[in-house]
Amino acid sequence: MTINFEKLGLKEVINASGRMTILGVSKVSEAVLQAQRFGGEHFFEMADLSEKTGAYIAQLLKVEDAQIVSSASAGIAQSIAAVIGQGDRYHAYHPYTERITKREIVLPKGHNVDYGTPVEVMVEQGGGRVKEAGYANMCSADHLEMMITDETAAILYIKSHHTVQKSMLSVEEAAVVAKRNNVPLIVDAAAEEDLFFYSKAGADLVIYSGAKAIEGPSAGLVIGKKTEIEWVRLQGKGIGRAMKIGKDNILGFTQAIEDYLKNGSESGTAMKLRLEPFIEAVNQINGLTASIVQDGAGRDIYRGSVKVSGNQTAKEVIAKLKTESPAVYTREYQANNGIIEFDVRSVNEQEMRMIEKRLQEIMK
């Protein structure tokens with residue numbers, strides 16, 4: 001049986017949106033595919049596979065322990081459940097038991113965002129209750145600390161371009177507050193590229209997406225202190241059962257981490273060089289003005305920013321880019337301001353020329 005777009009009636013996609021879940025996030029390498037195939041062709045004691053791959057990854061990342069889960073969202077839910085239950089087997093079987101009342105998760109208000117689902121949905125799935133600190137446009141260490149009570153189970157910090165960037169405390173500042181109040185700090189760093197920084201900054205648990213910066217298969221990773229990771233692993237007997245990950249993706253993701261640490265990702269300088277001819281070409285199209293901009297969260301990611309003017313709106317151009325096959329998906333976060341952003345990390349030279357041609361046709 002051969003799988004292709006035509007057989008399943010699927011539309012081909014050019015992903016100029018970035019590492020987005022709605023598009024399948026990333027392409028995987030041949031080495032990762034081989035590791036997945038090895039997993040698919042063999043049997044393992046799954047508990048042993050989970051622990052051994054976790055120990056291997058922990059050694060690579062210089063942390064006490066690690067646990068592969070099915071996604072970063074699963075990592076949030078299971079980490080919340082872990083710090084609430086603290087290794088109690090009864091809690092694992094009864095995650096919403098009234099025996100345990102210490103369930104408040106303190107979260108900067110500007111971090112309580114929707115990244116495809118609201119952060120608080122994952123917190124509540126883990127049995128926690130969100131307690132917002134600070135304001136939508138500001139959260140200091142004092143704002144965070146004043147919300148901690150005897151019912152606080154953890155502090156949750158979301159590092160993401162989705163969150164408010166202005167006047168927010170740093171991870172290091174959140175870690176100081178957590179340590180001073182003897183509560184764990186969980187950092188959701190799903191799309192972040194640095195696999196070392198947040199643990200070194202003082203987080204007890206750090207969560208990454210497998211398929212974003214690391215370019216692995218669908219997976220998530222939780223790293224941190226050994227005791228807390230054991231609590232996370234215990235959730236496989238509870239809510240984590242509905243979030244289990246297969247042996248093929250465990251091994252594929254392990255290979256992806258090893259490759260990522262060896263090879264890194266495309267540098268911002270390289271992105272800018274690839275973007276230059278695209279920007280030059282787009283600037284020749286009537287009604288479009290293009291420039292290169294850096295990622296809003298300060299990451300070493302550069303994108304093409306295209307301002308739409310004339311007789312069409314950015315939203316109309318975005319919709320037309322999606323109508324044909326291959327459909328071109330872009331970053332739409334600034335469409336209300338008349339701006340379309342093009343993320344080229346997963347776009348090759350031929351696809352960039354196709355995007356240029358499509359824009360020319362639309363703007364005629």
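1. Lys-109 counts as partly exposed because its relative accessibility is 36%, the class lying between buried, under 20% relative accessible area, and exposed, over 50% (1.4 Å probe, protein chains only). Lys-109 forms a salt bridge with Glu-132, with the closest N and O atoms 2.8 Å apart; the term requires a side-chain nitrogen of Lys or Arg within 4 Å of a carboxyl oxygen of Asp or Glu. Since Lys-109 lies in the loop between β3 and α6 (119-125) and Glu-132 in strand β4, the pair ties together parts that are 23 residues apart in sequence.

2. The model is predicted, with local features needing pLDDT of at least 70 and side-chain atom pairs counting only at pLDDT 80 or more, while totals for chains, interfaces and linings use all residues. Residues are numbered from 1 along each chain as its sequence is written, and side-chain values use heavy atoms, leaving out hydrogens and water.

3. An open sheet of mixed pairing is formed by 7 strands in the order β2-β8-β7-β6-β5-β3-β4; strands are DSSP runs of E, at least two residues, and helices of H or I, at least four, numbered from the N terminus, and two strands pair if DSSP finds at least two bridges between them. β2 (65-69) and β4 (129-133) stand at the edges, each with a single partner strand, so one side of each is left without a neighbour in the sheet.

4. The side chains of Lys-226 and Asp-65 meet in a salt bridge (3.5 Å, N to O). Because Lys-226 lies in helix α10 (residues 226-234) and Asp-65 in strand β2, this pair ties together parts that are 161 residues apart in sequence. Asp-65 is buried, with a relative accessible area of 4%, whereas Lys-226, at 40% relative accessibility, counts as partly exposed.
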